[in-house]
Amino acid sequence: MSCSTKETKPLKEGIWLAQLEVMDKELLPFNFNLKKIESGYIMDVYNAAETIRVDEIDIYNDSIKIQMPSFEGYISGTFNDSVINGKFIKESLDRIVPFHAEFGDSIRFHSSANTTVNVSGIWETKFSPDSEDEYFAKGIFEQHRNKVSGTFRTNTGDYRYLEGILDGDSLKLSTFDGAHAFLFTAKATDSSLNGTFYSGNHFKEPFIAYRNESFELADEESLTFLNEGYEELQFSFPNSEGTFISLKDSRFKDKVVVVQIMGTWCPNCLDETKFLSDYVKTKKQGNFEVVALAFEYAKTRDLAFKSIERLKSRVGVPYPILLAQYASSSKSKANEKLPMLNHVLSYPTTIFIDKKRKVRKILTGFNGPATGQKYVDFKEEFDQYIELLLSE
């Protein structure tokens with residue numbers, strides 16, 4: 001008798017096409033580039049102008065695990081040199097999505113028909129129209145021939161970098177970032193969209209949209225505010241060392257403070273965390289602080305802090321992230337922890353506090369880099385407002 005290790009051909013280097021099976025037998029595609037390095041493999045995942053570097057890829061015999069950066073989601077499966085079969089898994093939410101990838105295909109969506117439709121521009125959009133769950137969004141798209149990119153902005157954030165095509169009158173857009181897997185399909189004319197939004201294989205909803213170049217969402221400063229009788233934000237939550245931190249601590253005295261309500265599972269929160277981290281590192285002054293309150297769906301306290309420490313390590317977060325809640329990311333439960341707010345409508349929510357500990361402004365949601373000029377404007381407005389508070 002003897003023992004032997006099964007030999008498997010190394011994965012081919014270059015471009016791959018991956019597909020996730022969502023609802024209604026629809027496939028959510030994205031491309032990635034695989035490269036072998038001395039320590040193993042690295043992967044670049046592409047969504048329009050976004051590139052996500054994945055550097056935690058473990059291989060044993062013909063088994064593979066691809067751990068997405070910052071988030072807990074991972075791909076687990078088996079492979080040969082040019083095919084990977086497996087599942088995209090988010091353990092805390094008990095979600096499993098079938099995954100398949102093949103080497104050599106650089107086309108995200110294959111088309112069978114030319115198109116005369118052009119969706120470039122601004123779209124007034126309703127998701128779950130005529131229902132109690134109805135909400136508005138602003139579609140922002142650019143089209144070159146049949147290639148389409150853009151995003152949907154909502155009052156709680158944007159739907160990331162979307163990339164796809166118009167195949168005849170069929171619009172198809174997708175994104176995959178390791179936390180969310182989004183697919184949008186719609187019948188399109190030059191003035192209307194009628195479609196379905198899929199999130200993984202656990203959720204779908206209809207949407208309709210009409211071209212409206214002047215459409216704007218509600219002002220993000222008008223949605224979340226302090227309840228009557230409150231002027232200050234109050235909390236006391238632990239960091240990973242078990243030390244409880246509150247705004248009454250000496251480190252925050254006579255300082256301008258930005259409080260970030262977030263979750264490590266949230267892509268919009270990741271965008272804001274990267275922005276705030278860069279801001280603190282490049283423009284930090286002695287009288288300015290940032291502190292984050294994490295609302296985690298990880299099932300245990302230890303797992304929640306593991307996610308927090310992973311985010312801090314991967315992004316290089318220079319400010320404290322406190323654990324406000326675990327085992328649920330429910331916004332209503334989050335509101336119980338912060339009863340001075342009228343509601344927690346969005347992750348993230350950003351609260352600006354002046355040197356006298358008074359809440360001066362609250363922003364609901366975050367317009368990340370996928371929103372283009374809106375993100376550019378936000379960065380300038382943020383800096384100007386912080387400078388104003390610092391000057392007082």
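These legends go with a set of close-up views of one predicted model.

The model is predicted, so local features need pLDDT of at least 70 and side-chain atom pairs count only at pLDDT 80 or more, while totals for chains, interfaces and linings use all residues. Residues are numbered from 1 along each chain as its sequence is written, and side-chain values use heavy atoms, with hydrogens and water left out.

**View 1. The largest pocket, at about 1100 Å³.** Helices (H or I, at least four residues) and strands (E, at least two) are DSSP runs, numbered from the N terminus. A pocket here is an open set of points on a 1 Å grid over the protein atoms alone, with protein on both sides within 12 Å along at least five of seven lines, and a lining residue has an atom within 4 Å of a point. Points are joined across faces, edges and corners, and the volume is the space filled by probe spheres set on them. Sorted by class, the lining has 19 nonpolar, 13 polar and seven charged residues. Ala, Val, Leu, Ile, Met, Phe, Trp, Tyr, Cys and Pro count as nonpolar, Asp, Glu, Lys and Arg as charged, and the others, Gly among them, as polar.

**View 2. The second largest pocket, at about 430 Å³.** Look for E50, T51, I52, L270 and K274, which lie nearest the centre among the 20 lining residues. β4 (50-54), α1 and α2 (301-315) each supply at least two residues of the lining, and α1 has the largest share with six. The classes here come to 10 nonpolar, two polar and eight charged.

**View 3. The largest cavity, with about 90 Å³ of space.** A cavity is a set of grid points where a 1.4 Å probe fits but cannot get out, and the count comes to one cavity of 30 Å³ or more. Its lining is made of S70, F71, E72, S92, T264, W265, E296, Y297, A298, S307 and R310. Four of these are nonpolar, four polar and three charged.

**View 4. S70 and K25, two residues with positive phi.** Most residues other than glycine have a negative phi. S70 sits in the loop between β6 (63-67) and β7 (74-79), and its phi is near 75°. S70 counts as buried because its relative accessible area is 8%, where buried means under 20%, exposed over 50% and partly exposed in between (1.4 Å probe, protein chains only). K25, in the loop between β1 (14-21) and β2 (27-37), has a phi near 60°. With a relative accessible area of 83%, K25 is exposed.

**View 5. The largest nonpolar core, with 63 residues.** Such a core is a set of buried Ala, Val, Leu, Ile, Met, Phe, Trp, Tyr and Cys residues joined through side-chain atoms within 4.5 Å. L233, F235, V259 and L338 touch the most other members. At least two core residues each come from β21 (256-262), α1, β22 (288-295), α2, β23 (321-325), β24 (349-353), β25 (359-364) and α4 (373-391). Leaving aside neighbours within four places in sequence, L233 is in contact (heavy atoms within 4.5 Å) with L247, V259, L338, M340, L341, I351, I353 and V359. Another core of 31 residues lies apart from this one, and W16, I57, V97 and A101 are among its members.

**View 6. N367 and its partner R153.** N367 belongs to the loop between β25 and α4, and at 9% relative accessible area it is buried. The side chains of N367 and R153 make a polar contact at 2.6 Å. That term means a pair of N or O atoms within 3.5 Å; within protein, one must be able to donate a hydrogen and the other to accept it, and residues adjacent in sequence count only if both atoms are side-chain atoms. Not counting residues up to four places away in sequence, N367 touches R153, D158, E220, K374 and Y375.

**View 7. The cis peptide bond from Y347 to P348.** Omega is near 0° for this bond. P348 lies in the loop between α3 (331-337) and β24.
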